[in-house]
Amino acid sequence: MTIQRMEHVGIVVDDFAGATRSSSGGRVDRVMGLEGVRAEIAMVETPDGHGRLELTKFHAPSGRGGDRHAPANTPGIRHVAFAVDDIDAVVASLRARGAELVGEVERYEDSYRLCYVRGPEGIIVELAEQIG
């Protein structure tokens, strides 16, 4: 048995406007190992159709608060990476929406231009533009 593709990354969020569906009940409780789950879930698909992010807002049970400004080396899911065609245009667009660069846009050998951007909920998004 081999891994065929990335299915999705699950990210728990606190500010979740425009959720696409709600989940609750015994089956959800059993899958998550929690009791009394009430949550809103949205699946966001990448433009190429090959990857998805699952965004979840839990209404119950309540969870522990996290550090929205945790550095990139903090254990746990710290970032999600996306390939982009024009990193400068994407960074400009994200900044216009309130995102901030964590560091700088840097060149990695002769392969990529890379950066980390901190977006909503403190989630770090890595952007990678292939060179050449």
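Colleague: Which residues meet Arg-107 or Asp-110 in a salt bridge, and how is such a contact to be read?

Modeller: Side chains of opposite charge can pair when their charged atoms come close. A salt bridge is counted when a side-chain nitrogen of Lys or Arg lies within 4 Å of a carboxyl oxygen of Asp or Glu. Here the side chains of Arg-107 and Asp-110 form one with each other, at 3.4 Å from N to O. The model is predicted: local features need pLDDT of at least 70, side-chain atom pairs count only at pLDDT 80 or more, and totals for chains, interfaces and linings use all residues. Residues are numbered from 1 along each chain as its sequence is written, and side-chain values use heavy atoms, with hydrogens and water left out.

Colleague: Are Arg-107 and Asp-110 buried or exposed?

Modeller: Relative accessible area under 20% means buried, over 50% exposed, and in between partly exposed (1.4 Å probe, protein chains only). Both Arg-107 and Asp-110 are exposed.

Colleague: How many salt bridges does the structure hold?

Modeller: The structure holds three. One of them joins the side chains of Asp-88 and Arg-113, at 3.0 Å from N to O. Asp-88 belongs to helix H2 (residues 87–96) and Arg-113 to strand S8 (residues 112–118), so this pair ties together parts 25 residues apart in sequence. Helices (H or I, at least four residues) and strands (E, at least two) are DSSP runs, numbered from the N terminus.

Colleague: With which residue does Glu-129 form a salt bridge?

Modeller: Glu-129 pairs with Arg-113, their closest N and O atoms being 3.5 Å apart. Glu-129 is buried at 16% relative accessibility, whereas Arg-113 is partly exposed at 23%.
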